[in-house]
Amino acid sequence: LLLLTLSQAATLAASEDVDALLQGTRLLVAPGCIPAAVIVSGDQAFVVATARTGKYRAPFLAAAHYGKGRLFAAGHGGFFGGAALKSVDNRQLTENIAKWLAAGKTDPVVGVIGLPDVATVLREAGYKVLALTEADVPAKLNQVQGLFGPAQSFGRTTTSPAAAALTEFVRQGGGLFLHACSWGWQQLNPGRDVRTEMGGNRICAPMGITWADAMVDETDPKG
C-alpha cells in the first residue's frame, strides 16, 4: 500500500489539479510491483503523489499542463491492472485521471492501449472507449480526445512519428496518460541512458516530466 502525499511545493493551480486527481482516494495498491520514481521539472508540471525511497520521498505519480492539453505520468502500470483495480481507490484514481485529462470536454472518446482493465473501468464510468494498438499511433489519434498507454512503446528513436504525433496531440488539447517502469527498462537496456533514450522520456521531457532509473519503496508487503 502506498500512502498518497501531496506536493508541498505545488502552486495553487497545481493544488487544485492534485485535489481533482486524488479526490476520493487515500491508498493505492500495485500487487507484486515496485514503482519507478518520476522527476518533475518546469513550471507547468507537478507532483501528484510520493512514496519513500530510503530516507527520502520521491514522486511516483506526476502530471503537467502542456500547450492546450494535459499529461499524466505513472511510475508503474501495475497500479492500473486487474488486481490493483479491485481496489476502490485505484478505480477512483483511474476515473479521476480520465476526467482530468478530458478537461471539461463533452463525451470524450478515450483510446486505450494495452490496459484492458482500464478500458473496462472507463466504460463502466460512462466513457466511450476505443481499443487501440501501438501501430494505431499516429493514424487514429484524431479519433480520440484522450489516450492511455505504455510510455516505453513510443519514441524509440529521435525521429519517431508516434512521438512527434503524441507531443502535438497534447499541445493541441489532447489528454495523455503514460506509464513506465523505467528501472526495468534500464535493466533490459544496459549502457543506454534512460533519461534520454527511453521512449516516454523523449516525449515527456519537454512537458516537464521524466522517468528516473530509481525505485520507490513499498510501505506494505502487499505492495
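Let's start at histidine 76, which sits in the loop between β6 and α2. The model you are looking at is predicted, and this residue is a handy entry point to it. With a relative accessible area of 16%, histidine 76 is buried, because the cut-off for that class is under 20%. Leaving aside residues up to four places away in sequence, its contacts are Cys33, Ile34, Pro35, His179, Ala180 and Cys181. Alanine 37 is 39 residues away from histidine 76 in sequence, yet the two C-alpha atoms are 9.1 Å apart in space. The histidine 76 side chain also has a polar atom 2.8 Å from the backbone nitrogen of glycine 78.

Serine 87 has 18% relative accessibility and so counts as buried, given the cut-off of 20%. Its side chain makes a polar contact of 3.2 Å with the side chain of asparagine 90. Beyond residues up to four places away in sequence, serine 87 touches Leu27 and Val29.

Seven strands make up an open sheet with mixed pairing, and their order is β4-β5-β6-β10-β9-β7-β8. The edges are taken by β4 (45–53) and β8 (128–132); each has a single partner strand, so one side of each has no neighbour in the sheet. From one strand to the next, the twist averages 20 degrees.

How much of β4 is buried? Seven of its nine residues are, so this strand is mostly covered.

Now move along to β9 and β10. Strand β9 (residues 146–150) and strand β10 (residues 175–179) run parallel and are joined by five bridges. Within this pair, proline 150 has histidine 179 of β10 as its bridge partner. Histidine 179 brings us back to where we began, as His179 is among the residues that histidine 76 touches.

Helix α2 lies across β4, β5 (56–66), β6, β9 and β10, and runs at about 155 degrees to β6. Helix α3 (residues 116–124) also packs on the sheet, where it touches β7 (109–113), β8 and β9; its direction makes about 165 degrees with that of β8.

What about charged side chains? Across the whole structure, a search finds five salt bridges. One of them links glutamate 168 to arginine 171, with the closest N and O atoms 3.0 Å apart. The two residues are three apart in helix α4 (residues 161–171), which means that about one helical turn separates them. Glutamate 168 is partly exposed at 36% relative accessibility, and arginine 171 is partly exposed at 35%.

Two other salt bridges involve neighbouring stretches of the chain. Arginine 192 forms one with glutamate 197, the closest N and O atoms being 3.2 Å apart. Here arginine 192 is partly exposed at 32% relative accessibility, as is glutamate 197 with a relative accessible area of 26%. Aspartate 193 forms a salt bridge with arginine 195, again with the closest N and O atoms 3.2 Å apart. Aspartate 193 is partly exposed, at 24%, whereas arginine 195 counts as exposed at 53% relative accessibility.

Finally, a look at the cysteines. How many disulfides does the structure hold? There are zero. For cysteine 33, the nearest cysteine sulfur belongs to cysteine 181 and is 8.0 Å away; a disulfide needs the two sulfur atoms within 2.5 Å, so cysteine 33 is in no disulfide. Cysteine 33 counts as buried at 11% relative accessibility, and cysteine 204 is buried with a relative accessible area of 0%.

Methods. Residues numbered from 1 in each chain as written. Predicted model: local features only at pLDDT ≥ 70, side-chain atom pairs only at ≥ 80, totals over all residues. Heavy atoms only, no water. Buried < 20%, exposed > 50% of the residue type's maximum accessible area, 1.4 Å probe, protein only. Polar contact = N/O pair within 3.5 Å; in protein donor to acceptor, adjacent residues only side chain to side chain. Contact = heavy atoms within 4.5 Å. Salt bridge = Lys/Arg side-chain N within 4 Å of Asp/Glu carboxyl O. Helix = DSSP H or I, 4+ residues; strand = E, 2+ residues; numbered from the N terminus. Pairing = 2+ DSSP bridges. Axes fitted to C-alpha atoms, helices over the stretch in contact; angles between N-to-C directions.
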